Amino acid sequence: MEDGGPSQTARRVAAHRLDFTRVPADYGDPAADQALAADVAAGHRAPASRMHDYLAARTSFFDRVVTGALGRGVRQVVVGAAGYDGRAFRYAKPGVRWFEVDHPATQRDKLRRVGRLGIAASHVRFVEADFTRDPVADRLRASGLDPGAPALFLLEGVAVYLEPAVLESVLGQFRRVAAPGSRLAISVSLSRPRGDAARARFRATVAALGEPARSTFEAGEAEALLARTGWRIAAAPDDGQQAATRRERLREAGLLLAAASAPARRPQPPRSPRSPRPPQGTLPLSALLSQALVAFTIEFDNEAEHRLPHRTTSHGTSSHGEGDATWLVSLAMWENCMRYVTGEPITVAGLEALARTGTNLDGMRRWGYITIDGTAKKVNRGRPGPGAVLRATAAGLRARGIWRPLAGHVEQRWRERFGADGVAGLRDPLASLVSQLDPGLPDCLPILGADLLSQGPGPGLPPRPAGSGLVGAAPAALPLSAVLSRVLLSFAVEYEREAGLSLAVGANVLRVLGADGTRLRDLPALTGTSKEAVRWALGVLARSELAAEEPDPAASRGQVARLTPRGLGAQRVYHELVDALERRWQERFTPGVTGALRASLEPLAAGDPPPLFAGLQPYPDNWRASVRPPVTLPHFPVVLHRGGYPDGS
């Protein structure tokens with residue numbers, strides 16, 4: 001979009017299409033498609049060129065795929081990044097529903113044009129979605145797509161503008177709602193020999209127009225991408241020419257047709273949902289990262305609590321507490337707030353630019369760490385604005401002094417406990433991955449929101465500034481907790497973008513439930529999270545109709561939670577998707593680095609108890625010394641707003 005209207009690329013494609021001879025059909029409204037294209041082209045002319053010839057072939061390919069599918073009885077067509085495509089009007093057929101998925105701004109402009117031109121569109125469902133972050137599969141379902149009936153999925157002229165990871169996510173999302181018999185037609189940009197002047201001109205032109213090409217594949221790579229996401233190459237529609245020759249020419253042009261293949265299923269070991277410790281087996285990479293991060297955090301928190309004058313609601317004031325002792329919080333609140341709030345003023349916007357994530361500002365004020373606009377009293381009705389000024393209190397400054405060296409202190413303990421080579425073997429692949437991820441990621445897991453979803457840095461944040469503390473530090477110089485957090489957060493954001501469900505919910509509560517029911521009181525021990533975190537996750541599952549609660553049939557009191565049929569399907573998706581993401585990472589990042597990370601983490605999480613548990617023993621004066629010790633660690637940290645503890649405490 002440009003200034004609320006079509007981009008120059010969209011106008012040029014529309015102008016080209018006005019000159020093409022389209023595949024005919026005895027249904028639909030070709031004039032409506034032509035009128036929309038003319039409106040978008042706005043007088044642009046399409047000169048003869050190699051691009052004109054390519055677009056003619058591409059248009060014909062997609063036209064034939066559509067008419068062939070409708071002729072076979074397909075009654076659902078999904079157009080990804082539909083833009084100003086008019087096939088939904090040209091090939092409108094009674095009983096066929098079209099679903100156009102696109103960015104909200106583009107779609108709204110198209111709807112205005114369709115309305116102004118008087119084009120009938122009652123058979124089209126317009127689905128707003130940003131491919132980089134929205135759960136496309138869920139939005140298609142909500143718009144009426146039937147995942148049990150075959151559908152045709154189209155991705156024309158968009159793959160080249162998507163990052164490979166985003167394209168892979170979109171293909172996977174489409175596969176999630178594709179019944180057997182569904183097909184996908186896609187155009188991809190294929191690599192050309194060096195010196196291909198036409199390709200170079202194309203890339204330069206679209207880059208100058210603000211729409212740079214982002215994905216280019218070898219033909220084999222494109223087919224491998226389709227296979228990874230559950231699509232296998234199928235025969236192209238045959239118009240009477242030799243099918244094999246035609247398929248090869250289409251393949252060379254990057255015009256591919258694929259069929260939905262059977263998804264690989266991860267076998268589930270039998271287990272009792274009431275066992276006190278869930279079987280571990282081969283843990284997903286995200287669970288290995290989580291357990292290492294949670295173990296590090298608990299050891300950090302235990303040491304901070306032992307040294308810091310503090311108060312708690314249930315366990316009173318520490319023996320060395322003073323009149324201005326702060327309320328106890330976890331490592332996350334150090335990383336998302338107190339690392340950057342000093343005795344000098346800093347605005348809320350300045351804090352978020354440094355921390356790359358939000359914090360519980362009112363909590364940190366109430367708990368005695370900061371002042372807001374010069375006072376420790378509550379003066380803001382809601383969240384303080386970006387210009388509100390923060391300063392550390394005297395107690396907050398004392399806490400900063402205690403927190404600052406603790407990450408290095410705990411890491412040194414790990415070197416002594418696990419060996420210097422063991423910790424180096426963990427740090428090296430983490431640092432390598434962090435160097436290849438978004439440099440703006442925060443150094444801690446963000447506080448989870450209402451649906452327990454993870455969030456990366458906001459798109460409105462400025463680049464990470466330099467010159468303050470560890471901001472802008474090389475990955476090798478970051479605390480171990482920071483590199484663990486950045487890698488795990490990147491994994492979680494990618495998972496949730498595709499799954500449409502929080503990884504904190506899927507990896508913990510959804511994972512341990514079954515169809516037979518599990519006692520609610522057993523869930524904290526099974527998941528390694530607090531009863532508050534379990535209750536929150538169950539609420540998310542219940543609202544999504546993935547789980548239900550009912551009286552315990554084996555007892556006179558108490559409740560059990562069980563998965564619904566939809567929940568059992570979501571549980572399968574969790575296991576399949578965390579495995580698929582790890583495989584993608586192995587292919588996407590420096591060869592061997594993901595495997596090296598797994599190899600360094602697995603020994604720490606293996607055994608009964610695992611080596612990671614060696615550092616969990618609290619001091620006698622710690623609050624954790626008065627509660628039941630954990631029998632497992634979370635498969636994803638549950639960082640809540642009440643102090644940021646990694647298990648939801």
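This is a predicted model: local features need pLDDT of at least 70, side-chain atom pairs count only at pLDDT 80 or more; totals for chains, interfaces and linings use all residues.
Local features need pLDDT of at least 70 and side-chain atom pairs count only at pLDDT 80 or more, while totals for chains, interfaces and linings use all residues. Residues are numbered from 1 along each chain as its sequence is written, and side-chain values use heavy atoms, with hydrogens and water left out.

Helices (H or I, at least four residues) and strands (E, at least two) are DSSP runs, numbered from the N terminus. Helix α23 has 13 residues, 593–605. Buried means under 20% relative accessible area, exposed over 50%, and partly exposed in between (1.4 Å probe, protein chains only). Among the buried residues of α23 are Val593, Leu597, Arg598 and Leu604. Contact means heavy atoms within 4.5 Å; the cover over the buried residues of α23 includes α11 (285–307), α16 (406–418) and α22 (565–588). Just after α23, glycine 607 has a positive phi of about 100°.

An open sheet of 3 strands runs in the order β14-β16-β15 with antiparallel pairing. Its edge strands, β14 (518–519) and β15 (547–551), each pair on one side only. Two strands pair if DSSP finds at least two bridges between them; β14 and β16 (residues 559–563) are joined by 2 bridges. Arginine 519 has valine 560 in β16 as its bridge partner.

The structure holds 0 disulfides (pairs of cysteine sulfur atoms within 2.5 Å). Two buried cysteines are tabulated.

| Residue | Relative accessible area |
|---|---|
| Cysteine 337 | 0% |
| Cysteine 444 | 2% |

Methods:
The expected span of a helix is 1.5 Å times one less than its number of residues.
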